[in-house]
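Biologist: I have a model on screen and a list of terms I want tested. Take me through them one by one.

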Amino acid sequence: MSEMILIVDFGSQYTQLIARRVRELNVYCEIHPFNHLPSLDSLEAQVKGVILSGSPCSVKDEDAPHIDLQAYLGKLPVLGICYGAQLIAEKHGGEVLPSRIREYGRAKLSKIDTHKDLLKELTQDTQVWMSHGDTINSVPESLEVIAKTPTVAVAAFKIKGQDSYGIQFHPEVTHSVEGKTVLRNFVVHICKCAQDWTPDIFVETTVASLQQEIGNDKVVLGLSGGVDSSVAAMLLHKAIGKNLHCIFVDNGLLRKNEFQDVLASYEDMGLNVSGVDAHEQFYQALAGISDPEEKRKAIGRVFIEVFDAEAHKIKEVKWLGQGTIYPDVIESVSVKGPSATIKSHHNVGGLPEKMHLKVIEPLKTLFKDEVREVGKTLEIPQNILQRHPFPGPGLAIRILGDITEKKVRILQEVDHIFISKLKEENLYNDVWQAGVILLPIQSVGVMGDERTYEGVVSLRAVTSVDGMTADWCHLPYEFLSDVSNEIINNVKGVNRVVYDISSKPPATIEWE
Ligand code: XMP
């Protein structure tokens, strides 16, 4: 990897968005929290510029986050955004005060000095997005004001004689209509990044570095059928071929036919994969358990046992491959510490320790959509790349109450009808995640001349970007009606279908 932009995170909700925007320009960047900054020399790539993020704090707070700005200013181009800009202004002797009114929302950028590289090609009065409680009231001689708004005296400034800037608006959000131009000006024209970070280059450089790191060692990797583990496997396969041993476990909680279908796809992709049917072990461990976290623990425990036993059949494995992606990495070292709002996706936490293996994570610098792009470059089939997310504990957390083989079978049938219909009606790709929940109640119905007392299922389909927030999908009534009829007419044991219209928050996507 040749070059990158370093993003210093002061805890803003928008920091990841800055990284996404920079990467959309085909420039690699990394986010590091202000209190765990690496030295420039220790980074593998050459740092071409630094972006200082916003923050929920005020520079006036006693415990406001600070960094040694002199490590960067004058040596590299720096762009301070919001809090980052206020920090630069204050350190230079500027006046930062609480705004009289909290400046939040759309504003028009005026008196733009388009001769300055950062603001080149911007339209006068272009709309920008503001979100700050403090404002830079005045700047000293060493800084030059290069844009204002009707209420903000210093919307943008340049440090004289340097390629460093501060802006009080957020170029990374789409409400800043020409925000992308500002970021492009900084990254491409000021930092002179080559814009050569593409999925092809990522594959090429990652494969080379995996080969160097792993050499002739063997790697074992657990496949789940999901995008991340599949792409991680293909990258490793490209790097080390048959020395990659994949294990795909059937826990009996997958979708209908999923195990056989996905295993066949993996074999077609040339992967060295063993499929392990362990459904009885999982059902035994789950018998009588109704508590969701207990279910997760039992499944995690059995998975480790099964995986470990299978991995021991391979002689002299040194590495465990994992499909960890960048948001998990950022989350685990974030300014605030790991967030409590996200359910852990590491259902198999503890696996590396138990197996005494070194961990290799080829996707740990990528966001989810970038993983899909890399997957396309690797020619992974669409049916795997476009697959909805599916939780590690599978149908176990979609069967409320205890798990029996019979309930799994009913849910698999119902889920199969819903998902197949979404695909048939070309709705599958408009939905971020869909599934069905089997409720722990029975309801009265009537079929022919008889009253029935049978199961109730809830359809769930959401739109989302990353699963952190979600809205229920407004699927057409006719479609829902068709799905309901088909389920009730074909699946014995179900006589009522409902549709979940809750958003997240306050609900969650899964019911457990
Ligand atoms: P919630 O229900 O928290 O789900 O809104 C957010 C996303 O996470 C998935 N999920 C899990 N994935 N193990 C997983 O691997 C789990 O225990 C788990 N719980 C929830 C869920 O399917 C959704 O995509």
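Modeller: Ground rules first. This is a predicted model, so local features need pLDDT of at least 70 and side-chain atom pairs count only at pLDDT 80 or more, while totals for chains, interfaces and linings use all residues. Residues are numbered from 1 along each chain as its sequence is written, and side-chain values use heavy atoms, with hydrogens and water left out.

Biologist: What makes domain 2 and domain 3 count as in contact?

Modeller: Contact means heavy atoms within 4.5 Å. By that rule, 7 residues of domain 2 touch 9 residues of domain 3.

Biologist: At what angle do α4 and α5 pack?

Modeller: Two packed helices are described by the angle between their axes and the distance between the axes. Helices are DSSP runs of H or I with at least four residues, strands are runs of E with at least two, and both are numbered from the N terminus. Axes are lines fitted to C-alpha atoms, for helices over the stretch in contact, and angles run from 0 to 180 degrees between N-to-C directions. On that scale α4 (residues 199-214) and α5 (residues 227-240) pack at about 60 degrees, with axes 8 Å apart.

Biologist: Is the crossing of α4 and α5 left-handed or right-handed?

Modeller: The test is how the near helix is turned from the far one by less than a right angle: anticlockwise is left-handed, clockwise is right-handed. α4 passes α5 in a right-handed crossing. On the α4 side the contact uses Phe202, Val203, Thr206, Val207, Leu210, Gln211 and Ile214; on the α5 side it uses Leu235, Leu236, Lys238, Ala239 and Ile240.

Biologist: How do the residues of that contact of α4 with α5 divide by class?

Modeller: Ala, Val, Leu, Ile, Met, Phe, Trp, Tyr, Cys and Pro count as nonpolar; Asp, Glu, Lys and Arg as charged; the others, Gly among them, as polar. The contact of α4 with α5 then splits into 9 nonpolar, 2 polar and 1 charged.

Biologist: How do α7 and α8 cross?

Modeller: The axes of α7 (residues 279-286) and α8 (residues 292-311) come within 9 Å and cross at roughly 145 degrees. The crossing is right-handed. Gln281, Phe282, Ala285 and Leu286 of α7 make the contact with α8 residues including Ala298, Val302 and Phe303. The class count is 8 nonpolar, 1 polar and 2 charged.

Biologist: Which residues of α13 and α14 meet?

Modeller: From α13 come Val414, Ile417, Phe418, Lys421 and Leu422; they meet Phe479, Asp482, Val483, Glu486, Ile487 and Asn490 in α14. Here the classes are 7 nonpolar, 1 polar and 3 charged. The axes of α13 (residues 405-424) and α14 (residues 477-490) come within 10 Å and cross at roughly 150 degrees. This crossing is right-handed.

Biologist: Now the voids. What makes one a cavity and another a pocket?

Modeller: On a 1 Å grid over the protein atoms alone, a cavity is a set of points where a 1.4 Å probe fits but cannot get out; a pocket is an open set with protein on both sides within 12 Å along at least five of seven lines; lining residues have an atom within 4 Å of a point. Grid points are joined across faces, edges and corners, and a volume is the space filled by probe spheres set on the points. The count is 1 cavity of 30 Å³ or more. The largest cavity holds about 50 Å³.

Biologist: Which strand gives the most to the lining of the largest cavity?

Modeller: Strand β15 (residues 433-447), with 4 residues. The lining includes Arg398, Gln433 and Glu510. By class it has 3 nonpolar, 2 polar and 3 charged residues.

Biologist: And how much space lies in the second largest pocket?

Modeller: About 810 Å³. Its lining has 29 residues, with Tyr28, Glu30, Glu44, Lys364 and Thr365 nearest the centre. α4 gives the largest share, 6 residues. Domain 1 and domain 2 each supply at least three residues to this lining.

Biologist: Which peptide bond into proline 505 is cis?

Modeller: The one from lysine 504, with omega near -15 degrees. The bond from proline 505 to proline 506 is cis too, with omega near 5 degrees.

Methods: Domain bounds come from an automatic or database domain assignment.
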